[in-house]
Amino acid sequence: MMASNPTSSLPAGIRAYDPNATNAAAAGKNTLGTSAKETQDYFMKMLLAQIQNQDPLNAQDPAQMTSQLTQLNTASGIERLNGSISAMLEQTSAQAFMNNASLIGSQVLAPGYELSLAETGEAGFGLKLASDSARTTVKLMAADGSVIDELSLGALSAGVHSFTWDGAGYDGARAASGRYRLLAEASDGQGTSVTTTSLTQGLVSAVSRTDSGAQLITADGRSLAPVDLFQLSKP
């Protein structure tokens, strides 16, 4: 008896199922559709046509077809999962942005070497010490590098501390409004240097959403990352 060609009566546009073919979708070479769902739909049509038109004496191995279908279902599931995760991350990002908006109007301390002095009032700043100090000083420097004032803060315990500068220079006269740099130095009782981090203070006036996450915008135009905050308070 002559064996019939199982592909001779396939509908136009439907390819024969080849159990030995490489999984093109998994290898990134799928040209049958632009998504796992389209590939799965095409496969189901192909499988149905193959079953209807296969040679009864030379039937295809059902285990091979089941394995291929399982792989396609996995790819489809991963695509749906990725879509769900992307939506969840977007929602989480939006919620975090709204939460950060509640910081507007807060005074915050974050790593930085600048402080802003207004025409009136004091300027706030902070220090973070890695260990206890016996001597702590802070120099206030103008943009040209000249030292305007030097503050002696004495002994400090390890941790975060906040301070204010009244804006007066060495001569007692008020310094011009603007930005000044902090240069902090600390040492313990044996004269060994203590690791010190200068902290800048700012009043949060807005929140900006960027590709790297939310950024807090201070009243004087500086940008701070919420994750870097050491302290915050409502005035």
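This is a predicted model: local features need pLDDT of at least 70, side-chain atom pairs count only at pLDDT 80 or more; totals for chains, interfaces and linings use all residues.

**Labels and their grounds**

Student: Which residue in S9 is the bridge partner of Ala206?

Tutor: Ile217 is the partner of Ala206 in S9. Before we go on, residues are numbered from 1 along each chain as its sequence is written.

Student: How many helices and strands are in the protein chain?

Tutor: The protein chain has two helices and 11 strands, in the order α-α-β-β-β-β-β-β-β-β-β-β-β along the sequence. These are DSSP runs numbered from the N terminus, with helices being H or I of at least four residues and strands E of at least two.

Student: How many bridges join S9 to S10?

Tutor: Two bridges join S9 to S10 (residues 223–224), again antiparallel, so this pair meets the cut-off of at least two. Leu216 stands opposite Leu224 in S10. S9 and S10 form a hairpin with four residues between them, and Gly221 in the turn has a positive phi of about 95°.

Student: Why does Thr218 count as buried?

Tutor: Buried means under 20% relative accessible area, exposed means over 50%, and partly exposed lies in between (1.4 Å probe, protein chains only). Thr218, a residue of S9, has 2% relative accessibility, so it counts as buried.

Student: What joins the side chains of Thr218 and Asp220?

Tutor: A polar contact of 2.4 Å joins them. The term asks for a pair of N or O atoms within 3.5 Å; within protein, one must be able to donate a hydrogen and the other to accept it, and residues adjacent in sequence count only if both atoms are side-chain atoms. Contact in general means heavy atoms within 4.5 Å; leaving aside neighbours within four places in sequence, Thr218 is in contact with Gly202, Leu203, Val204, Ser205 and Leu224.

Student: Which residues lie nearest the centre of the second largest pocket?

Tutor: They are Ser116, Gln201, Gly202, Leu203 and Asp220, out of 15 residues in the lining. A pocket is an open set of points on a 1 Å grid over the protein atoms alone, where a 1.4 Å probe fits and protein lies on both sides within 12 Å along at least five of seven lines; lining residues have an atom within 4 Å of a point. S8 gives the most to this lining, with three residues, and S3 (123–129) also supplies at least two.

Student: Why is Gln107 called partly exposed?

Tutor: Gln107 has 23% relative accessibility, so it counts as partly exposed. Gln107 lies in S1 (residues 107–111). Its C-alpha atom is separated by 6.8 Å from that of Gln201, 94 residues apart along the chain.

Student: Why is Ala175 called buried?

Tutor: Ala175 has 12% relative accessibility, so it counts as buried. Ala175 lies in the loop between S6 (159–165) and S7 (178–187). Leaving aside neighbours within four places in sequence, Ala175 is in contact with Leu117, Ile148, Trp165, Gly167 and Tyr180.

Student: How do you know that S4 is mostly covered?

Tutor: Five of the seven residues of S4 are buried. Thr137, in S4 (residues 135–141), has a relative accessible area of 6%, so it is buried.

Student: Which residue in S7 is the bridge partner of Thr137?

Tutor: Glu185 is that partner, and S4 and S7 pair in the antiparallel sense over seven bridges. Not counting residues up to four places away in sequence, Thr137 touches Glu150, Leu151, Ser152, Leu183, Ala184 and Glu185.

Student: Over how many bridges do S4 and S5 pair?

Tutor: S4 and S5 (residues 147–152) pair in the antiparallel sense over five bridges, with Leu140 opposite Asp149 in S5. Their hairpin has five residues between the strands, and Gly145 takes a positive phi near 95° there.

How values were computed:
Side-chain values use heavy atoms; hydrogens and water are left out.
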